[in-house]
Structure formats: C-alpha cells, structure tokens
Amino acid sequence: MSTTDSPAVAVLGGGTIGAGWAALLADAGYRVRVAVRRAETAQAVTAAVRLHAPALAADADALLARLTVTTDVAEAVTGAEVVLESISERLADKQELFAAVEQAAPAEALLLSSTSTLLPDAIGARLAQSGRVLVAHPFNPPHVIPLVEVLGGPDTEPKLVERTTEFLTALGRTPVVLRRPIAGFIANRLQTALLREAIHLVQQGVATAADIDDAITGSLGPRWAVVGPFQALHLGGGPGGIRQWFGHIGAGLAAGWSQLGTPDLDDEGIAELIAQTETAYGTDVYEQRVAARDRRQLAVLAALRDEEEETR
C-alpha cells in the first residue's frame with residue numbers, strides 16, 4: 001500500500017504525548033496529520049519524531065514521509081478514521097476543540113482523548129452525541145509503553161469501546177477498559193500513591209531522589225514488569241497463595257498505611273526535589289536520556305514477549 005493509499009488519522013496537539021502518538025501511528029503505516037496551534041511547533045514535532053525513530057521499526061525519513069503538520073484542525077480531521085486529541089488538560093479547550101472536530105470529521109470516526117484527568121462525557125459535552133468521545137489515556141512515552149486506559153461515557157455505545165480496543169491492539173498497545181469512571185484512572189492513581197511516599201522519604205532525609213530511583217529499579221520495577229501487584233502477592237504467599245499471604249502478613253497491611261507520609265509541596269519542598277534530581281541526572285542531556293530510556297524499556301518488553309512465546 002502506498003503512502004497516499006494509507007488510512008488517515010489525526011493527532012491534535014504536538015507536545016510530548018501528541019508527538020509520541022504521531023510517531024507510533026506513522027510507524028503503523030497511517031498517514032498522520034498533526035494539528036498544532038502555532039506553525040513554529042511543526043519543527044518541534046519533526047524533531048520529536050526523529051528522536052523517537054530508533055525505538056520504532058521505520059526510520060525517521062519513512063516516519064516523516066507519512067506526517068503532515070498543520071494549524072488547521074478541519075484539514076487534519078477531514079477523512080480521518082481516528083482523531084486523537086492530546087492538548088493541555090483544560091476542559092474548556094478540549095470541549096471547544098471537539099466541537100470543531102465534530103463539524104469536520106467523518107461521522108464514523110473514533111474520537112479519542114489522551115486526557116489523564118478528565119472524564120469523557122465532560123469533554124464531549126458540546127457534541128450532539130457526547131458519548132462519541134472516549135478516553136484513550138496512554139502512559140508516557142506512548143510510542144514505547146503499551147498501556148492505554150480506555151473509558152467511555154454513560155452514553156457511549158459498547159461498539160465504540162470495542163472499536164477503540166481493536167484499534168489500540170492493532171497498534172501493539174495493551175488497552176485496559178475501566179469498569180466505571182474515576183478521576184485519574186488506574187495507573188496514574190497507583191503512580192501518585194507511590195510518588196507521594198517517595199517524596200515523603202526524600203523530605204524526611206531517609207533517602208535522596210537518586211536512592212529512591214535505585215530502590216525502585218532494583219525491586220518493584222523489575223518485579224512489576226513481570227507480574228502485577230496482586231499476582232506478586234499471590235506468589236509471595238507460597239503454595240497457599242494470596243489467601244496465605246493475608247493470613248500471615250496482610251493482617252498488618254492497614255497498620256502500615258497509617259505510617260505513610262504526607263509530604264509538603266510548598267516552594268521550598270519542590271525546590272529541594274528539583275535540586276536533587278537535577279544534581280543526579282543533569283539538565284542538558286535530554287535527548288540522550290530519552291534514547292537510553294526507550295532502549296532499556298524496549299529491551300524489557302522484548303524479553304517478556306520472547307519468554308511468553310517460548311512458553312506457549
């Protein structure tokens with residue numbers, strides 16, 4: 001199939017998430033139209049796609065050949081099979097944007113939002129059918145991390161959820177459909193809980209920011225990359241599984257929660273976190289650190305995939 005014959009998708013927003021989506025979609029063979037507010041943003045989108053190319057199958061030139069950047073939303077969404085919004089988390093802006101999308105996009109197009117905080121029915125409130133908008137929240141960076149959390153509104157037809165999961169699965173993503181709406185969805189709520197205690201430990205002088213990173217990458221990180229928290233408990237209980245774990249250890253779990261901290265995020269507290277992190281990792285090697293992160297993450301995912309295939 002030539003580039004001109006490929007199906008079209010629209011990405012609205014050229015920031016970190018939007019550029020990641022654009023690179024992933026171009027790698028999957030779509031013609032990708034990225035809508036940005038300012039023409040000068042086009043250069044940043046192009047640079048981001050080039051940065052992401054080593055983590056993908058196609059080279060940078062092939063990805064960019066499938067990419068168009070425009071400031072015209074109608075141009076981006078006309079004829080698009082899927083519209084993926086990734087602008088800032090301002091409800092009014094998202095509502096206004098989707099109202100414009102509804103006027104130009106095909107009636108059967110999937111309308112998806114990358115929002116990490118807002119609910120789909122609120123985002124689609126200005127549409128004739130608010131249920132057309134679904135959340136498809138990726139975990140950053142979206143061109144590498146498989147998880148995409150999917151959530152429809154009260155009026156969303158089940159077939160739209162099914163189409164969304166099929167689309168994401170074909171992209172090599174791992175869609176997880178929320179059973180009911182909740183602010184922050186799943187992964188970010190879990191991440192926030194862990195980050196809260198990590199910040200508390202730094203502020204209490206228990207460990208530095210770099211120490212916390214080492215503790216996670218040497219324990220929970222590799223463990224949870226292989227099994228999730230509940231399967232980890234099930235295995236941690238020995239032959240008796242999670243039932244045995246709660247019988248011996250889990251009874252004191254609630255008592256441990258009472259010892260968790262509530263860190264201060266005032267100016268002084270934030271300044272210390274920034275200082276420690278910048279001291280540990282620097283501020284002038286962003287591209288190199290992104291590339292290293294992506295290589296390592298892909299290596300982990302590839303190892304898991306290879307092991308799964310061997311055990312089938």
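## Aromatic pairs

Phe246 has a relative accessible area of 39% and is therefore partly exposed. In this predicted model, Trp245 by contrast counts as buried, at 13% relative accessibility. The ring centres of Trp245 and Phe246 lie 5.0 Å apart with the planes at 90°, so this pair is edge-to-face.

The structure holds two aromatic pairs in total. Tyr30 and Phe167 also form an edge-to-face pair, with 6.0 Å from centre to centre and 65° between the planes. Tyr30 belongs to the loop between helix H1 (16-27) and strand S2 (31-35), whereas Phe167 belongs to helix H7 (residues 158-170); the pair therefore ties together parts that are 137 residues apart in sequence. Tyr30 is buried, with a relative accessible area of 15%, and Phe167 is buried as well, at 8%.

## Helix H14

Helix H14 (residues 267-281) comprises 15 residues. From its first C-alpha to its last it reaches 21 Å, close to the 21 Å expected at 1.5 Å a residue. Just after H14, Gly282 adopts a positive phi of about 75°.

Which residues of H14 are buried? They are Gly269, Leu273 and Gln276. These residues cover an arc of only 70° around the axis, which means that they lie on the same side of H14. An α-helix has 3.6 residues a turn, so residues three or four places apart point the same way.

The buried residues of H14 pack against helix H8 (187-203) and helix H9 (209-217). On the other side of H14, the exposed residues are Asp267, Glu268 and Thr279.

How values were computed
Residues are numbered from 1 along each chain as its sequence is written. This is a predicted model: local features need pLDDT of at least 70, side-chain atom pairs count only at pLDDT 80 or more; totals for chains, interfaces and linings use all residues. Side-chain values use heavy atoms; hydrogens and water are left out. Rings of Phe, Tyr and Trp (its six-membered ring) pair if their centres lie within 6.5 Å; planes under 30 degrees apart count as stacked, over 60 as edge-to-face and the rest as tilted. Helices (H or I, at least four residues) and strands (E, at least two) are DSSP runs, numbered from the N terminus. Buried means under 20% relative accessible area, exposed over 50%, partly exposed in between (1.4 Å probe, protein chains only). The expected span of a helix is 1.5 Å times one less than its number of residues. The arc is that of the directions from the helix axis to the C-beta atoms. Contact means heavy atoms within 4.5 Å.
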